[in-house]
Amino acid sequence: ESSAKRRESCRLREAFPSDADNMAHHLQPGTIARLQNQDPEMRQSTFYAQVIHVKKLGSASGPTPTDRYRLSISDGRNCTNAMLATQINNLISMEGPGGLRKNCIVQVKEHICNNMQGKQVVILLNLEVITELHDQIGDPQPLPGAGPGPG
């Protein structure tokens with residue numbers, strides 16, 4: 001009886017894989033390296049990434065101070081720092097589906113790469129949150145020269 005239950009449990013797991021298994025196929029290992037190396041094909045490309053860390057930084061100065069957010073994004077193999085453009089800060093405070101949270105999968109629709117203090121930083125200009133996950137995919141490592149990893 002117990003072996004029949006185990007077989008059924010295995011069949012159910014295969015039929016309905018975990019969210020991480022489901023979404024891992026969206027990530028393309030090598031995407032972060034291509035961003036860091038400023039691959040010309042990446043300039044106009046959309047890509048998927050997992051947000052593995054979100055940190056609120058000090059507000060930008062000016063007449064209407066705006067919060068800034070640094071994220072670490074991953075392709076499942078590597079990670080890099082990214083800054084969220086202030087015009088899409090609302091994704092951070094959005095409740096429920098569509099909100100930008102740790103471990104969510106995003107489709108980056110528009111980005112630029114800037115050199116800040118000798119490090120490549122991806123500026124996320126437009127993105128869509130695809131799904132929220134509870135687990136990190138893979139064990140992403142920072143690339144040399146990409147700055148510190150999550151934290």
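These legends accompany several close-up views of a predicted model.

**View 1. The largest nonpolar core brings together 24 residues.**
Start with the residues that have the most contacts inside this core: Ile-73, Leu-84, Leu-100, Val-106, Leu-124 and Leu-127. At least two core residues come from each of these elements: helix H3 (31–36), strand S1 (47–60), strand S2 (66–74), strand S3 (78–84), helix H4 (90–93), strand S4 (105–116) and strand S5 (119–131). Which strand gives the most to this core? It is S5, with four residues. As background, nonpolar side chains in soluble globular proteins tend to be buried together.

**View 2. Leu-127 and the residues it touches.**
Now zoom in on Leu-127, one of the core residues with the most contacts inside the core. Set aside its neighbours within four places in sequence, and Leu-127 is in contact with Leu-84, Ile-88, Leu-91, Leu-100, Val-106, Gln-107, Val-108 and Lys-109. Leu-84, Leu-100 and Val-106 in that list are also among the residues with the most contacts inside the core.

**View 3. Ile-130 and Gly-98 are 7.1 Å apart in space, C-alpha to C-alpha.**
Along the chain, 32 residues separate this pair in sequence. Ile-130 lies in strand S5, the strand that gives the most to the core. Is Ile-130 buried or partly exposed? Its relative accessible area is 32%, so Ile-130 counts as partly exposed, between the limits of 20% and 50%.

**View 4. Gln-38 and Asn-103 each have a positive phi.**
Neither residue is a glycine. Gln-38 has a phi of about 55° and lies in the loop between H3 and S1. For Asn-103, phi is about 75°, and its place is the loop between H4 and S4. How do their surroundings look? Gln-38 is partly exposed, at 37% relative accessibility, whereas Asn-103 has a relative accessible area of 9% and is buried because that value is under 20%.

**View 5. Cys-104 is buried and Cys-113 is partly exposed.**
Cys-104 has 0% relative accessibility, so it counts as buried. For Cys-113, the relative accessible area is 24%, which makes this cysteine partly exposed. How many disulfides does the structure hold? The number is zero. A disulfide, remember, is a covalent bond between the sulfur atoms of two cysteines.

Key: Residues numbered from 1 in each chain as written. Predicted model: local features only at pLDDT ≥ 70, side-chain atom pairs only at ≥ 80, totals over all residues. Heavy atoms only, no water. Disulfide = S-S within 2.5 Å. Buried < 20%, exposed > 50% of the residue type's maximum accessible area, 1.4 Å probe, protein only. Core = buried A, V, L, I, M, F, W, Y, C linked by side-chain atoms within 4.5 Å. Contact = heavy atoms within 4.5 Å.
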